Amino acid sequence: MQNKVRTAIIGLPQEHARQLHAFLRRVVDVALVREDPRDAMSPLLVARPQAVLLYLPEADGVGIQFARRMRSELPDTALVLLCHVEDVTLTREAMRLGARALIVVGKDDDDLARTFMQLAEEQRSDMPGGEVVTLLGSKGGVGVTSLAMNLAGALAIDPSLRVALIDLSPYLGEIGVYLQLDTTVSPRTLVRESLMIDDEWIQNAVPRHSLGFSVFAQPLKPGAPPLNVADIAQSIGILRRLFTHVIIDAGTGGTELGFAALAVASKPLLVAGGDTPSLVAAQRALHTLKALGQDPRRIWTVLNASAPEALDLSRARSILGADPTLTFPHDRKAVDVSLHTGRLVVESAPDSELTQAFLRAAMGMCDDYRPSINSGPGGKRKKLFGLF
Ligand SMILES: Nc1ncnc2c1ncn2[C@@H]1O[C@H](COP(=O)(O)OP(=O)(O)O)[C@@H](O)[C@H]1O
Ligand SMILES: [Mg+2]
């Protein structure tokens, strides 16, 4: 559900205030409406809204006096100004008042909606939401995409969980290829359409894997602007409220986007293969994250045997400085079958060690994990393990 911003609408006749509320109804709850700003201060101090939407017919009228007073009495309340014509004096005044936005009615209406979405976002960032699990590879080919997809699958086979998988790699649509899914919805769509997004929108618009998780990927169109850090933060903020788990394939290496996706995660996973170069790269990534102000102890280190050589845990420990949080065994056969059938390892090789490792990882990410899976085409849903 969208979270709404409690807002006072000041300076507009009732009818216009109603129209404005209808336009913003998904993000705004009206706490107070006053046409004359001179009558508004006392009820405003009682109502203590999160935002004030103030219409200013001119740059030096009672509206401005009200805004100045509001600034000193309610400094934490966001001020959004509306006007009919852009005017330098008004723009300066808006800046002096520290207004969130100066909106020209009928011209910047989208900006108005966006401003309130952002306010709603900021409010929500303190609220509890789903787990955000970001997987970043220390180096190419360590298995980030394989782990992200199978982890999403392992979580999604618990019918009480709602899982989203996001592919951040630009243009390649790797996850779509692996899963044989046409990934049509990008995280940027979420930001652009955020006024529209609720459970129903997700059900109807977002491609879903047969295990039930929703898949988002960057647009495949070359030339489309790549995602930026703000897109990531905002789209994850939206998804956290609709899903219990948001799994992000952040690709490889020290890109700004990858580090940003790691920084917003509640469970940040840094993935290395068993080989020395990828372990050393992981150790460097931990240093970089520390230099960027992150606590490296927060990061889960993950060792995935993407190559057939056995994992050398003591070497991993000596390079990373600690035991890896999770390890995944090599299973060429299970992975190959999965690739050829477009099914995940957790589906096509439910009894494999690798599947067990995915289920254990999923268990570590839920309070009460209860997986069940179809026993085959047309089969009944059965519990995967007697254990659960
Ligand atoms: N645990 C594993 N066992 C066997 N093969 C694996 C394993 N993990 C990954 N692979 C294989 O390694 C290759 C790279 O995996 P991928 O997930 O695409 O890595 P990345 O996204 O980090 O580039 C793929 O061919 C994949 O099938
Ligand atoms: Mg990948």
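I began with strand 7 (residues 163-167), which pairs with strand 8 in the parallel sense over four bridges. For my own bookkeeping, strands pair if DSSP finds at least two bridges between them, and helices (H or I, at least four residues) and strands (E, at least two) are DSSP runs numbered from the N terminus. In this pairing leucine 165 stands opposite valine 215 of strand 8.

A note on the source: this is a predicted model, where local features need pLDDT of at least 70 and side-chain atom pairs count only at pLDDT 80 or more, while totals for chains, interfaces and linings use all residues. Residues are numbered from 1 along each chain as its sequence is written, and chains are lettered from A and ligands numbered from 1 in the order in which they are written.

I then traced the whole sheet, which is open, has seven strands in the order 8-7-9-6-10-11-12, and is paired in parallel. Strand 8 (214-217) and strand 12 (326-328) are at the edges with a single partner strand each, so one side of each has no neighbour in the sheet. On average, neighbouring strands are turned by 20 degrees against each other, direction ignored.

Helix 10 (residues 229-242) packs on this sheet and touches strand 6 (131-137), strand 7 and strand 9 (245-252). Its direction makes about 150 degrees with that of strand 9. Here axes are lines fitted to C-alpha atoms, for helices over the stretch in contact, and angles run from 0 to 180 degrees between N-to-C directions. Contact itself takes C-beta atoms, placed from the backbone, within 7 Å.

I looked at strand 9 next and found eight of its eight residues buried. My cut-offs: buried takes 20 or more other C-beta atoms within 10 Å of a residue's own, exposed 12 or fewer, and partly exposed is in between, with C-beta atoms placed from the backbone. Strand 9 runs parallel to strand 6, joined by six bridges, and parallel to strand 7, joined by five. I picked out two partners: valine 132 bridges to valine 246 in strand 9, and aspartate 167 stands opposite aspartate 249 in strand 9.

Five of the six residues of strand 10 are buried. Strand 10 also pairs with strand 11 in the parallel sense over four bridges, where leucine 269 has tryptophan 300 as its bridge partner. Helix 12 (residues 276-291) lies across strand 10 (267-272) and strand 11 (300-304), at about 145 degrees to strand 10.

Strand 1 (residues 5-10) and strand 3 (residues 51-55) run parallel with four bridges, and isoleucine 9 has leucine 53 as its partner.

**Entry: cores**

I counted nonpolar cores as sets of buried Ala, Val, Leu, Ile, Met, Phe, Trp, Tyr and Cys residues joined through C-beta atoms within 7 Å. The largest has 77 residues, and Leu151 and Leu165 have the most contacts inside it. Helix 6 supplies the largest share of this core, nine residues. Another core lies apart from it, with 39 residues, including Leu54 and Met117.

Leaving aside neighbours within four places in sequence, leucine 151 touches Val133, Ile247, Phe358, Ala361 and Ala362. I checked helix 16 (residues 353-363) too, where Phe358, Ala361 and Ala362 are among the buried residues. Helix 6 and helix 14 are among the elements covering them.

**Entry: ligand 1**

Which residues come nearest to ligand 1? Of the 17 around it, they are Gly143, Val144, Thr145, Ser146 and Ser306; to be near, a residue needs its C-beta atom, placed from the backbone, within 6 Å. Helix 6 (144-156) and helix 14 (332-341) are the elements that give two or more residues to this shell, and helix 6 gives the most, with three.

I sorted the shell into six nonpolar, nine polar and two charged residues. Nonpolar means Ala, Val, Leu, Ile, Met, Phe, Trp, Tyr, Cys and Pro; charged means Asp, Glu, Lys and Arg; the others, Gly among them, are polar.

Definitions and conventions. Contact = placed C-beta atoms within 7 Å.
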